[in-house]
Amino acid sequence: MAEGTQQAVFWTDDSPVCEPLAHGADIAAHLHDYGQLRYAASGALVTTTEFGTWVTPANRITWVPPFHVHSSRSYGETDVRVLPVPAALSAQLPPEPSVFVASALLREAFLAMSGEQESAATERGRLLLAVIGAELFRAPQEPLRLPEPSDPRLKAVTDLLHADPALSATLAELGRRTGSSERTLSRLFAGDLSMSFRQWRTLLRIQRALLELAQGTSVTDTAMRLGWANPGSFISAFTDLVGQTPGRYRSTAVAARG
């Protein structure tokens, strides 16, 4: 899930409707001179920036401010819609990349404007953009940002976990595999990522759980696939971080997918 942002390409324009992306397809690191809202009408999009990684299934919208380098990966066949944001609205949105919970009204206004390539200069376009802005201002932000390390020793460990979130290895075992001591890695997790190894791995697993549940995977199967000892411990961890049970999240996400 983690992707580098070195040697980013400067893109000057985007079509509002991208070609459908196959599962696992990558969008290389790039940046724009304008703000951009990104939405997966189907499937799910994982966006990585210098601030971390976000998961955005069909009930979330990603905000990328101007000049922020970002790369993406699709999960499931993904229909990505993008919307360039005028400067006046950009100035009212967060200065760092963010993810918003998308209401039904926000989704419909976004899809109408991007899918029909409605210009913000038309009366209808201005009205749709006003609805999008109003809904974004009241929408809760997704708190599940997974920070990504800058230290190569720590990145060697997090890369192993990104490749297999269910990996049950201890930090000491991961250190032996990557050539670092447990003490060094523990210090790096605290200093570089401001959390413990256990907290980071739990957050990674919860992010992956969002993808599994949004695709309709059962709560029990999601727990087992991602390394929890039992569904109860998964439900407890998920509810603590997401603010709702995985069953309720699954129902909402599947309904948003249509």
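Colleague: Is His70 buried or exposed, and what is its relative accessible area?

Modeller: Buried means under 20% relative accessible area, exposed over 50% and partly exposed in between, with a 1.4 Å probe and protein chains only. His70 is buried, with a relative accessible area of 0%. This is a predicted model, in which local features need pLDDT of at least 70 and side-chain atom pairs count only at pLDDT 80 or more, while totals for chains, interfaces and linings use all residues. Residues are numbered from 1 along each chain as its sequence is written, and side-chain values use heavy atoms, leaving out hydrogens and water.

Colleague: Which residues does His70 touch?

Modeller: Contact means heavy atoms within 4.5 Å. Not counting residues up to four places away in sequence, His70 touches several residues, among them Ala28, His30, His32, Arg38 and Val64.

Colleague: How many aromatic pairs does the structure hold?

Modeller: Rings of Phe, Tyr and Trp (its six-membered ring) pair if their centres lie within 6.5 Å; planes under 30 degrees apart count as stacked, over 60 as edge-to-face and the rest as tilted. The structure holds six such pairs. In one of them, the ring centres of Phe189 and Phe197 are 5.6 Å apart and the planes are at 65 degrees, so the pair is edge-to-face. Both Phe189 and Phe197 are buried.

Colleague: Which residues do ring pairs link into a cluster?

Modeller: The cluster consists of Trp228, Phe234, Phe238 and Tyr249, linked by ring pairs. Both Phe238 and Tyr249 are buried.
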